[in-house]
Amino acid sequence: MSSTPAKPVLVGDNDQAQRPSREEALKAVRTLLAWAGDNPDRPGLVDTPKRVVDAYAEWFEGYDADAVKELSRTFEDVQGYDDMVLLRDIEVESHCEHHMAPFIGKAYVAYIPNEKVVGISKLARVVEIYSRRLQTQEVLTNQIADAIESNLQPQGVAILIHAEHQCMTTRGVHHRHVSTITTRFTGTFKSDAALKDRFLKLAKG
């Protein structure tokens, strides 16, 4: 007699229904400490589960945030401005979804307005929201571009992220100081080679 496999538990945007309790999370950390070969009850580790759970709440707070909401307040009085808006050196602090190891770097975000602009802090906030989730850098790059594209309807979007992945530097191949670079171009940034080149030169500083 066969049974239908249980569906995996997924926690997505603003979906709290399936999230384990804090007590369950604390117990899970204690289990990992014991599995690593240490004693969760020794003085140096007795408060570690609490600290780890608190850190996870901060590292992954992007699951409780809404990028669309951040981009919803726009301004249409741009007095004809139709050139590039570029933010450089936005901090990226994320975690690889394959090993839950950090990857840290910088994001460069640009768009060309099409009648409306958004507060520049909101662009940095969008990067932060998507970064503070389990990610791959490739998906992160696309998510930022897609959010700006769909909410601002600009003439074009350009994203560049470079980051160092600790899943590569502290385990596995152990190659240090290797940066991963990902890009995404839409609209005029994709069709106009000179504009794309100008973005890359400005991003490089």
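Predicted model: local features only at pLDDT ≥ 70, side-chain atom pairs only at ≥ 80, totals over all residues.
A pair of rings is described by the distance of the centres and the angle of the planes. For Y56 and F60, the ring centres lie 5.2 Å apart. Their planes meet at 80°, so this pair is edge-to-face; the cut-off for that class is over 60 degrees. Y56 is partly exposed, because its relative accessibility is 35%. F60 is buried, with a relative accessible area of 11%. Y56 and F60 also belong to one aromatic cluster, together with W59.

F189 and F199 form another pair, with ring centres 6.0 Å apart. The angle between their planes is 70°, so the geometry is again edge-to-face. This pair links distant parts of the chain. F189 belongs to helix α7 (residues 188-191), and F199 to helix α8 (residues 193-204). Ten residues separate them. Both F189 and F199 are buried.

A charge over a ring is also present. The charged end of K196 sits over the ring of F185. The distance to the ring centre is 4.8 Å.

R132 lies in the loop between α4 (120-131) and β5 (134-135). R132 is buried, because its relative accessible area is 12%, and buried means under 20%. Leaving aside residues up to four places away in sequence, R132 touches E58, W59, F60, E61, G62, Y63 and E93.

Terms used: Residues numbered from 1 in each chain as written. Heavy atoms only, no water. Helix = DSSP H or I, 4+ residues; strand = E, 2+ residues; numbered from the N terminus. Buried < 20%, exposed > 50% of the residue type's maximum accessible area, 1.4 Å probe, protein only. Contact = heavy atoms within 4.5 Å. Phe/Tyr/Trp six-rings, centres within 6.5 Å; stacked < 30°, edge-to-face > 60°. Lys NZ or Arg CZ within 6 Å of the ring centre and 35° of its normal.
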